[in-house]
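Walk through this model with me, from a single side chain out to the whole assembly. Keep the sequence and the coordinates open as you read.

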Amino acid sequence: MDFSGDEDIWKDLAVRAQSGDARAFTELLRSITPYVRGVAGRGLANAEWVEDVTQDVLVSVYKSLGTYSSDRPFKPWLGAIISFRRTDFLRRYYKDRAHKQTSLDSPEFIEKHVTDSRFSGEWKDIEAALDTLPEKQRKVFVMLKIEGYSAKEVAKATGMSIPAVKVSAHRTLGKLKGLLK
Amino acid sequence: MNRGSQKQNTDQLIEALATKLAPVRVLPHPLWRLLRWAFVALCYIALVVYFVGFRPDLTVKLQNPFFLFELAMAAAMSLSGAFAGFWLCVPDMRGQEWMIVPPLVLFSVFMVRAGLHIVLDDGMVMPDHLWSHCTTGAVLFGVVPASAIFYLSIRGRTTHIHMLPMMNAFAVGGLGYIALRIVCTSDDIGHDFVYHMLPYVAFGVLLSLSGRYIYRW
């Protein structure tokens with residue numbers, strides 16, 4: 001979506017909102033929301049996080065409206081808030097990570113996050129591509145990238161060095177990309 | 001929560017925020033806020049210096065170019081720290097991110113100079129500390145400028161919660177250093193840095209570490 005023409009409109013709406021114009025403020029928040037989603041979405045893992053950060057940003061715009069100065073462009077001001085809130089969100093997320101662990105035995109979690117029928121075809125393609133690889137290369141890749149073993153553990157299991165394991169996985173990834181194109 | 005209900009929540013949030021909206025007072029230009037702080041801080045420090053009294057050899061010291069250069073450096077650190085601090089109160093720093101560099105450089109110069117002096121000239125011996133004079137002086141000179149800059153800072157909305165208190169510390173520390181240099185007779189480089197400037201910066205570091213809670217918005 002192209003937002004290049006919105007700068008002046010947002011600036012005008014922000015100035016009107018500063019004087020207490022609720023309609024202008026509503027319009028401002030509605031029109032910046034897709035932009036905020038787009039910018040905040042870069043580097044966030046899923047749509048729920050993007051929406052959480054978007055809502056944080058909207059609240060922050062409300063709280064910091066007085067710091068916007070009409071002699072300055074609006075986007076850098078908004079961009080700084082988005083960046084700040086996204087970083088803050090990620091910091092909080094990674095801090096609470098231990099509390100957010102979900103058992104893979106949970107049927108609800110598996111239904112929502114693991115067994116997604118929309119991607120079942122893609123997974124079969126990946127499996128088929130993996131089958132074309134040499135045995136050792138496939139084992140390294142599956143252990144490291146799918147089963148979640150560390151490079152050290154894979155190296156121990158396969159009798160390879162740690163750098164060799166990493167190089168092998170990297171090459172396999174490239175090969176799979178080529179096969180799945 | 002699924003995407004649809006979250007989107008609905010975003011719409012509801014926008015409505016709620018718009019309903020709560022009241023006219024806001026636009027934050028004055030950082031330069032204007034800096035001038036207000038500088039006026040309060042300088043008046044206060046001048047008053048305290050008047051009551052505490054100048055060092056007896058001040059007229060002689062004021063003819064020493066090194067002494068004057070040192071005071072000018074501290075003034076530059078204070079001023080650049082104040083500039084950066086007041087610009088940092090606005091989320092995007094009004095596009096002037098470079099402003100945090102000069103106070104950091106000037107403080108580093110003071111630090112390196114004192115470090116070299118303590119290591120090379122004093123043989124790693126910590127300078128003497130005059131509790132009654134330096135500590136009370138540092139607190140006395142710093143309390144009002146620090147309170148004023150803190151009050152003005154929290155009225156803004158910073159996205160640099162760790163850097164802002166450091167810049168404020170440089171602003172107050174530079175002024176406090178000048179004040180202590182013109183009342184305290186010590187000319188020892190190590191002593192002046194460790195007891196006249198470092199306490200302010202250490203306080204700034206403490207605020208910086210807890211910046212997430214203090215400057216939350």
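Predicted model: local features only at pLDDT ≥ 70, side-chain atom pairs only at ≥ 80, totals over all residues.

Is B:Glu70 buried or exposed? At 6% relative accessibility, B:Glu70 counts as buried. Buried here means under 20% relative accessible area, exposed means over 50%, and partly exposed lies in between, with a 1.4 Å probe and protein chains only.

Some ground rules come first. Residues are numbered from 1 along each chain as its sequence is written, and chains are lettered from A and ligands numbered from 1 in the order in which they are written.

B:Glu70 sits in helix α4 of chain B. Helices are DSSP runs of H or I with at least four residues, strands are runs of E with at least two, and both are numbered from the N terminus. Look at what surrounds the residue. Setting aside neighbours within four places in sequence, B:Glu70 is in contact with B:Phe110, B:Arg113, B:Tyr177, B:Arg181 and B:Asp192. Contact means heavy atoms within 4.5 Å. With B:Tyr177, the B:Glu70 side chain makes a side-chain polar contact at 2.3 Å. A polar contact is a pair of N or O atoms within 3.5 Å; within protein, one must be able to donate a hydrogen and the other to accept it, and residues adjacent in sequence count only if both atoms are side-chain atoms.

Now turn to B:Arg181. Its side chain meets that of B:Glu70 in a salt bridge, 3.0 Å from N to O. The pair links distant parts of the chain. B:Arg181 lies in helix α7 (residues 163-183) and B:Glu70 in helix α4 (residues 65-88), 111 residues apart. A salt bridge is a side-chain nitrogen of Lys or Arg within 4 Å of a carboxyl oxygen of Asp or Glu. B:Arg181 is buried too, at 3% relative accessibility.

B:Asp192 forms a salt bridge with B:Arg181, with the closest N and O atoms 3.0 Å apart. This pair spans helix α8 (residues 189-209), which holds B:Asp192, and helix α7, which holds B:Arg181; the two residues are 11 apart. B:Asp192 has a relative accessible area of 1%, so it counts as buried. Shared partners extend the picture. Salt bridges join B:Arg55, B:Asp57, B:Lys61, B:Glu70, B:Arg113, B:Arg181, B:Asp187 and B:Asp192 into one network.

Step back to chain B as a whole. Its secondary structure comes to nine helices and zero strands. The C-alpha trace spans about 75 × 35 × 30 Å along its principal axes. Of the 217 residues in chain B, 47% are buried. Among contacts between residues at least 6 apart in sequence, 82% join residues at least 24 apart. Chain B exposes about 10800 Å², and carbon and sulfur atoms supply 72% of that area. Accessible areas come from the Shrake-Rupley method with a 1.4 Å probe; for residues, only the protein chains shown count as cover.

A:Asp12 pairs with A:Arg16, the closest N and O atoms being 3.5 Å apart. Both lie in helix α1 of chain A, four residues apart, about one turn of the helix. A:Asp12 is partly exposed, with a relative accessible area of 42%. A:Arg16 is also partly exposed, at 33%. Over all chains, the count comes to 19 salt bridges.

What lies between the chains? In all, 38 residues of chain A are in contact with 34 residues of chain B. The area buried between them is about 3100 Å², of which carbon and sulfur atoms give 62%. In chain A, A:Tyr62, A:Thr67 and A:Phe84 lose the most area to chain B, together 18% of what that side buries. Buried area is the accessible area (1.4 Å probe) that two parts lose on being put together, summed over both.

Charge also crosses this interface. Between chain A and chain B there are four salt bridges. B:Asp92 and A:Arg72 form a salt bridge through their side chains, at 3.1 Å from N to O. On the chain A side, the elements that give two or more residues are α1 (7-18), α2 (22-41), α3 (47-63) and α4 (74-95). Helix α3 of chain A gives the most, with 10 residues.

Note on methods:
Heavy atoms only, no water.
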